[in-house]
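Biologist: Could you walk me through the strands and helices here? I'd like to hear the criterion behind each label.

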Amino acid sequence: MRTLREHDFIALKNFERDCNNLQWFLKMNKVNTTVNEREERENILRQVREYCDKYHKKPEYKEGDRIPYASRVYDSEEMCNLVDSSLEFWLTSGRYTDEFEKKFAEYLGVRHCSLVNSGSSANLLAFMTLTSPLLGERAVKRGDEVITVAAGFPTTVTPYIQYGAVPVFVDITIPQYNIDVTKLEAALSDKTRAVMIAHTLGNPFDLAAVKAFCDKHGLWLIEDNCDALGSEYTIDGVTHKTGTVGDIGTSSFYPPHHMTMGEGGAVYTDNPLLAKIIRSIRDWGRDCVCPSGVDNFCKHRFDRQYGELPLGYDHKYVYSHFGYNLKATDMQAAVGCAQLKKFPSFVERRRHNFARLKAALTPVADKLILPEPCANSNPSWFGFLITCREGVDREKVVSYIESRGVQTRMLFAGNLTKHPCFDEMRRTGEGYRIVGTLENTDRVMTDTFWVGVYPGMTDEMIDYMAKTIIAAVNF
């Protein structure tokens with residue numbers, strides 16, 4: 001007869017055996033589940049590829065088909081990435097976001113990149129970064145001035161108007177359609193703190209002159225690079241990607257832009273302090289730098305004093321800025337990762353399309369002012385800007401072109417100060433300044449339009465556009 005001790009020993013051994021068997025079973029079941037899940041996912045993605053190839057392949061262009069000014073260029077890789085991300089159901093920023101931020105920064109040649117939900121949010125975040133108290137005396141305050149142009153997109157200007165800073169509008173040049181750098185000194189005042197301007201439709205502004213002006217006077221420079229991703233500018237023999245010369249650059253990934261996530265944008269910089277502020281304001285204004293889903297990354301979650309909070313207040317809920325939630329979803333980033341692989345070819349095709357269209361329109365250069373790249377630049381063209389010379393009616397030209405299936409666009413706001421959003425400021429004469437006249441800006445508003453050169457365009461489409469534009473001015 002066994003003793004109680006022997007029974008306990010046998011029971012313990014049996015329990016250990018059962019536990020080991022259970023662990024083995026669970027382990028094997030997990031492996032099988034992982035294998036099965038991976039196989040199921042691959043099966044789904046294979047069907048997605050087949051679906052995309054069957055139903056998303058664009059029909060071959062035939063003369064007379066409508067030619068949009070821009071369109072998405074994608075294949076099954078983007079769609080598979082999108083579905084792959086959705087199957088994980090993480091939804092918010094995750095592994096695809098991390099991958100995109102890393103690879104996009106590498107492409108640009110900068111150290112820090114933060115993905116956001118739109119180009120407009122990128123501009124908001126870039127400007128608000130300059131208002132951080134962490135910047136000390138260089139922080140932009142309400143009433144300070146920011147030099148910019150009125151011939152562009154409103155969300156380059158909106159952030160500082162809404163904050164309470166004052167835009168100072170300078171005229172542009174034709175046919176570059178960028179800021180007239182000879183007017184910069186006249187725009188300067190003792191309240192000037194920054195310059196924030198866009199590279200127009202892919203054509204870089206005179207970065208050497210603007211950067212030298214900012215350095216001379218201790219001003220911040222924000223490059224709105226939303227319409228110029230892939231453009232290059234050479235300073236003192238060194239070629240830079242636009243968006244990387246100033247203190248902060250911004251990009252947009254809206255469908256018509258150089259690459260797309262549907263919605264999305266990015267803010268980038270080489271300055272680690274600005275990068276820290278960017279992340280804080282993007283992520284609700286929090287002081288904590290823990291990645292999503294991670295606690296106590298800094299190892300000081302409960303042992304520090306912040307502001308007038310109690311000692312040891314949870315660092316995850318300490319706010320050093322008045323911020324927002326401007327993050328993109330991981331599904332957007334998944335599309336962006338696939339687009340980024342194709343992006344260099346997009347840039348080359350845009351340059352090809354631009355050159356072909358310009359060569360074809362040379363015979364009517366006496367009636368149309370054709371665009372010229374900024375000196376020392378290699379643009380990644382977003383569009384082909386055209387200004388009608390005296391005696392050529394833009395409205396008639398545009399109407400003719402549109403009626404024959406070629407989509408056109410104006411240069412965005414034309415003159416932003418003429419829009420209804422400025423009615424109250426025009427009435428009071430407060431809230432903005434204009435340096436000199438905006439003569440060329442007004443001319444763009446009345447005489448300029450543009451057509452696309454997006455990478456999905458074929459030579460046949462470019463040739464048809466040229467033929468149609470020539471016919472329009474000779475009509």
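Modeller: Let's start with strand β12 (residues 383-388), which is joined to β14 by five bridges, the two running antiparallel. Leu-385 stands opposite Trp-450 in β14. One caveat: this is a predicted model, where local features need pLDDT of at least 70, side-chain atom pairs count only at pLDDT 80 or more, and totals for chains, interfaces and linings use all residues. Residues are numbered from 1 along each chain as its sequence is written, and side-chain values use heavy atoms, with hydrogens and water left out.

Biologist: What makes β12 and β14 a pair?

Modeller: Two strands pair if DSSP finds at least two bridges between them. Five bridges join β12 to β14, so they pair by that rule. The strands themselves are DSSP runs (E, at least two residues), as are helices (H or I, at least four), numbered from the N terminus.

Biologist: Why are β10 and β14 said to stand at the edges?

Modeller: The open sheet of three strands has the order β10-β12-β14, with antiparallel pairing. β10 (368-369) and β14 (448-452) each have a single partner strand, so one side of each is left without a neighbour in the sheet.

Biologist: How do you know that helix α10 packs on that sheet?

Modeller: Contact means heavy atoms within 4.5 Å, and α10 (residues 394-403) touches β12 and β14. Its direction makes about 20 degrees with that of β14; axes are lines fitted to C-alpha atoms, for helices over the stretch in contact, and angles run from 0 to 180 degrees between N-to-C directions.

Biologist: Now the other sheet. Why is strand β4 called largely enclosed?

Modeller: Buried means under 20% relative accessible area, exposed over 50%, and partly exposed in between (1.4 Å probe, protein chains only). Five of the seven residues of β4 (residues 192-198) are buried, so the rest of the structure largely encloses this strand.

Biologist: What joins β4 to strand β5 (residues 220-224)?

Modeller: Five bridges, with the strands running parallel. Val-195 stands opposite Leu-221 in β5.

Biologist: Which strands does β2 pair with on the β4 side, and through how many bridges?

Modeller: Three bridges join β2 (residues 145-149) to β4, and they run parallel. Val-146 stands opposite Ala-194 in β4.
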